[in-house]
Every structure is written in C-alpha cells, then in structure tokens.
Amino acid sequence: MGKRSLVDQLNQAVEAMLARREAVVPPIDPNLEPLLSIAAELRNLPSQKFKQRLRKELQERRNVMQTSEKSKTEVLQSVTPYLCVNEAGELIDFTKVAFGAKELFRTIGSAGGIHAEVRIGDSKIMIGGGGAWRGTPTPTALHFFVEDTDAIYQRALEAGATSIAEPSDQPYGERVCGVTDPAGNQWYIARSLEGPYVPEGLRNVNLYFHPINASQFIDFLSRAFGSVEVARYAAPDGTVAHAKVRIGDSVIEMGEAHGPYQPMPTTIYLYTDNVDASYVRALQAGGVSVSEPADQPYGDRVAAVSDPFGNTWYIATHIKL
Amino acid sequence: MNEDISLESVLKANQRETDERSLIEAAQKDPARFADLYENNFERVYAFVVSRVRHREEAEDLTADVFHQALASIGRFEWRGVPFAAWLLRIAANAVADHWQRTPREHGNPVQNEPYVSWEEVEYRARLFRLVDTLLEDQRAVVIKRFVEQKSISEVAREIQKTEGAVKQLQLRALRNLRARIGETHG
C-alpha cells in the first residue's frame with residue numbers, strides 16, 4: 001500500500017465497488033474497512049427525487065380520495081350511469097349548460113382518461129373518457145325528468161344537441177322529446193303530466209335500455225343483481241313495450257329494441273353491500289368477468305362484469321378509508 | 001438477553017407505540033395525515049425492497065406500489081400491537097413475490113434466493129439512509145452524487161465546483177461521520 005493516502009485508498013476501493021457490485025476491492029488500511037461497509041450500503045441509498053415524487057403522488061391520490069368521499073356523501077345511489085365517451089370534457093360542459101349540472105369532481109383515471117362526476121337534480125352521473133383515453137365509447141340512453149320539457153329541449157339544442165323528436169304529449173302520461181348530445185348519448189327529456197313532474201320512484205335521470213329480448217334482460221338483472229320488477233307493459237307482439245325494475249334505491253327502465261331505438265351497450269356503476277358476493281352471483285347469472293374484486297385507492301372495492309347484452313357493470317362496495 | 005431492558009427503554013417503547021397508534025388513527029380518519037406515516041417509514045420499505053431486487057427502478061416501482069396499497073387499505077388496518085412498519089413490510093414482501101412471479105424465469109432470479117433480510121438489517125439500513133440527511137450539505141451532495149447517481153470523482157468535482165482532492169476528502173469525512181453516527185444509534 002506504501003504511501004497511498006487513506007483518502008485515495010478509500011476512493012479506489014469505492015471506485016471498484018461502484019464499478020461492479022461483486023468487484024474485488026483492492027487491499028486497504030483495516031481502519032477503512034468499516035467505512036467501506038457503509039459505502040456498500042449507500043449504493044442502495046434511495047434517491048431524494050424519487051422520495052419527493054412518491055410523496056407528491058400519494059398527496060394527489062389522497063386528494064382524489066377525499067374529493068371522492070365528499071361526492072359520495074352528496075349523492076348516494078345504487079345505480080349510476082357511467083357515460084364513457086371520447087368527448088368527455090365537452091359532455092361535462094354540455095350537461096352544465098343544457099341541464100344545469102353541477103360538477104362534483106374531475107380527475108385523471110387509471111386508464112389515462114378523465115373521470116368526472118356530475119349531479120343533475122337528485123341524480124349522479126359519472127363521465128369518463130376524453131382524448132387520452134383508448135377505451136370503447138359507450139354512449140347511453142337516459143330518461144330525464146324536468147319541470148319544463150320544451151325549455152330544456154331548446155337549451156339542449158342551443159348547447160349543441162341534435163333533435164330525435166320534438167316535445168309532444170304522449171298517451172302514457174308524459175310530455176316528452178328526445179335529443180342526442182354531442183357525445184352521442186340519447187336523452188329522453190320528459191315531465192309527467194299528472195302528479196309531480198318526476199314520477200314516484202324515479203329520479204331526475206334514469207337509465208333506459210333497449211335490449212333485444214328485454215324479458216331475458218329482466219331475468220338476468222334479477223338473477224345477477226337481485227332486481228325487483230316494478231312494472232311491465234307488453235306490446236301487441238308480446239315483447240316488452242316498457243318495464244321498470246328496481247335495484248337498491250334506483251330504478252332502471254327499458255323497452256324492447258325497435259325502429260331507431262336499438263341496443264346501446266352501456267356502462268353502469270352499481271353499489272352493492274358485498275361486491276365479492278355480487279360478482280360471483282353476476283357470473284353465475286351469465287356475466288363474464290372483466291376484472292375481479294380489488295380495493296381501489298378511491299375507497300371502493302370494485303369488480304367488473306360484462307353482461308350477455310353487451311353492458312359493462314362496475315360492481316362496487318364502498319370500503320372505509 | 002433482557003439485561004438491557006431498563007424502565008426508561010420500556011417507557012420509550014410505550015411512547016413510540018402510542019405515537020404511532022395516534023398517527024394511524026389520524027390517517028384512518030383523514031387521508032391527508034398518511035403523510036406522517038409515509039415520512040416515518042419510507043426508508044424502511046425502500047431498504048427492504050431494494051435488498052430483494054436487482055435494479056433501482058424496480059425498487060422504486062415496488063416501493064411506490066407498497067405505499068399506494070397501504071394508502072388504499074389504511075382504513076382496514078387493525079391495531080394489534082404490531083408495529084405499522086411490520087404491516088408495510090408484509091405488503092412489501094407480497095409485492096416483491098408478485099414481482100418475481102411476473103419476471104420471466106429465463107432472466108434468472110438470484111436475488112430471490114438470497115436469505116431473507118432481517119428486521120434488524122432493515123432498521124439498520126433505514127437508519128443509515130436517514131442519517132445521510134444529517135450530514136453537512138457538501139458531504140451530503142458528494143454521497144448522493146457518488147452513490148445514488150454513481151458519478152465519478154471528476155464529474156462530482158465539476159458539478160460542485162471543487163477539486164477532485166476536496167471531493168475525495170468530503171467522501172471520506174461523510175463516511176466517517178455516518179459510521180460514527182450509526183454507531184451511536186446502533187450499538
């Protein structure tokens with residue numbers, strides 16, 4: 001070792017160690033050996049940049065959790081329409097301008113797209129997608145009860161919707177019209193002609209399905225999610241002209257696919273008491289697993305199932321944070 | 001073995017337990033308080049994970065996974081007198097096992113077969129990592145640039161505008177200080 005200084009001896013040993021983890025370290029003064037052992041541990045010293053980045057990520061995640069918690073206490077409902085579209089940002093703006101929606105929160109979801117929740121009257125709607133999102137859009141049909149069908153129809157058109165049908169009184173007791181919003185969702189804007197403008201048991205915004213073979217769809221909902229049939233009206237050909245089924249605190253409506261009203265594969269967010277049990281039941285009823293139940297950082301345990309009619313159900317149980 | 005258990009050490013341990021328990025309860029009520037648990041345990045989790053993988057990027061990804069999972073599940077953590085860090089390390093052990101299952105076998109997996117890192121080793125490394133923050137600024141800079149960023153003496157010298165000899169001196173002093181301080185707290 002001769003005249004090599006301690007400083008140089010240590011540095012040469014560190015050099016050898018950093019160059020290759022298992023490198024043969026040149027002989028050094030025995031007093032330096034404990035220092036070299038510290039140096040060996042420091043090769044695994046975490047980067048401060050990483051620590052700070054992770055701290056920030058966790059902070060952002062906590063903000064999402066807290067906002068999500070807040071929105072859950074604002075509107076609780078068993079069945080929430082989840083409108084997944086490429087024009088998510090535009091749709092949020094449209095619902096605000098046309099329907100007076102209130103944005104509850106907006107974040108970037110796990111698939112890189114927008115996830116937002118808006119409230120319209122007494123109803124919550126989830127909106128997902130946007131430019132960065134690469135999923136398949138699932139625009140949805142909705143039965144939307146308002147005080148003034150004609151005024152909302154006009155506002156919807158002015159906000160960029162296109163007309164499906166102008167407002168008219170219908171023999172089943174509603175003044176109703178139809179519009180397609182800029183993202184492709186169909187809104188059947190209606191008011192009840194008798195009693196309160198929202199019929200008893202319904203919300204301002206309700207999912208409306210046009211399945212092929214609606215009676216089988218009703219059967220699936222009953223077996224998979226324990227839905228209860230509230231009403232069923234048969235068409236002259238024996239198909240289901242109109243039906244309502246209740247799941248939890250929400251009602252789903254439907255009518256057999258006909259004419260321009262064809263199936264629109266839809267995404268639904270469904271709260272149940274026990275996601276694991278509901279998931280198994282949905283699979284036994286003929287659903288196909290999209291994802292198994294797993295805890296999510298926003299405070300829900302969530303599974304996903306696609307049904308035989310092309311709809312995707314996110315089944316969730318809110319877990320305590 | 002129990003000779004060194006003084007009343008003072010027992011009281012200190014009880015206080016630590018009470019403090020940790022109140023931090024956990026605070027985080028369960030308000031996720032914003034998870035930050036304290038993160039600061040107290042980051043080095044432990046990282047020290048555990050880094051000893052079980054081959055690359056820094058893997059260690060960072062897995063450490064991030066562990067804290068994301070912990071944040072998501074903190075509401076269901078039940079206090080049973082076991083340190084919170086033990087719960088985190090169990091999540092970390094599962095994350096490492098999942099990681100190796102996902103890693104193609106043909107790449108070999110020597111780290112997986114290494115003896116399991118002990119709690120004492122994790123504590124020792126975590127304490128050492130935290131002690132780096134207590135070094136004087138220029139010594140700390142040299143340690144980070146040398147060992148985290150793996151820069152040569154000449155690169156470090158250029159970046160912190162000192163001579164190569166001065167950088168080597170700072171390296172020696174930093175390691176001596178760390179050795180002395182870890183000795184103070186470790187044995």
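Visitor: What should I know before I start?

Guide: This is a predicted model, where local features need pLDDT of at least 70 and side-chain atom pairs count only at pLDDT 80 or more, while totals for chains, interfaces and linings use all residues. Residues are numbered from 1 along each chain as its sequence is written, chains are lettered from A and ligands numbered from 1 in the order in which they are written, and side-chain values use heavy atoms, with hydrogens and water left out.

Visitor: How many salt bridges are there over all chains?

Guide: The general idea first: side chains of opposite charge can pair when their charged atoms come close. A salt bridge here is a side-chain nitrogen of Lys or Arg within 4 Å of a carboxyl oxygen of Asp or Glu. Searching the whole structure turns up 25 of them.

Visitor: Lys124(A) and Glu117(A) meet in one. Is Lys124(A) buried or exposed?

Guide: Buried means under 20% relative accessible area, exposed over 50%, and partly exposed in between (1.4 Å probe, protein chains only). Lys124(A) has a relative accessible area of 3%, so the word is buried. Glu117(A) is buried too, at 4%. The N to O distance in this pair is 3.1 Å.

Visitor: Which helix holds Arg21(B) and Glu25(B)?

Guide: Helices (H or I, at least four residues) and strands (E, at least two) are DSSP runs, numbered from the N terminus. Arg21(B) and Glu25(B) sit in helix α1 (residues 7-29) of chain B, four residues apart, about one turn of the helix. Their closest N and O atoms are 3.6 Å apart. Arg21(B) is partly exposed at 38%, and Glu25(B) is partly exposed at 38%.

Visitor: What about Arg140(B) and Glu137(B)?

Guide: They form a salt bridge at 3.4 Å, N to O. Both belong to helix α6 (residues 137-148) of chain B, three residues apart. Arg140(B) is buried at 18%, whereas Glu137(B) is exposed at 54%. There's also a salt-bridge network linking Lys51(A), Arg55(A), Glu39(B) and Glu43(B).

Visitor: Now the sheet. What is the order of its strands in chain A?

Guide: Two strands pair if DSSP finds at least two bridges between them. Chain A has an open sheet of eight strands, ordered β2-β3-β4-β1-β13-β16-β15-β14, with mixed pairing. At the edges stand β2 (102-108) and β14 (288-295) of chain A, each with a single partner strand, so one side of each has no neighbour in the sheet. From one strand to the next, the twist averages 20°.

Visitor: How do β1 and β4 of chain A run?

Guide: Parallel: four bridges join β1 (residues 79-85) to β4 (residues 123-129) of chain A. Tyr82(A) stands opposite Met126(A) in β4(A).

Visitor: Which strands does helix α4 of chain A lie across?

Guide: Contact means heavy atoms within 4.5 Å. For angles, axes are lines fitted to C-alpha atoms, for helices over the stretch in contact, and values run from 0 to 180 degrees between N-to-C directions. Helix α4 (residues 88-99) of chain A lies across β1, β2, β3 (114-120) and β4 of chain A, at about 10° to β3(A).

Visitor: And where is the largest cavity lined?

Guide: A cavity is a set of points, on a 1 Å grid over the protein atoms alone, where a 1.4 Å probe fits but cannot get out; lining residues have an atom within 4 Å of a point. The lining of the largest cavity includes Gln77(A), Arg203(A) and Ser250(A). Elements giving two or more residues to that lining are β1, β9 (205-209) and β12 (250-254) of chain A.

Note on methods
1 Å grid on protein atoms, 1.4 Å probe; cavity = no way out; pocket = protein on both sides within 12 Å on 5 of 7 lines; lining within 4 Å.
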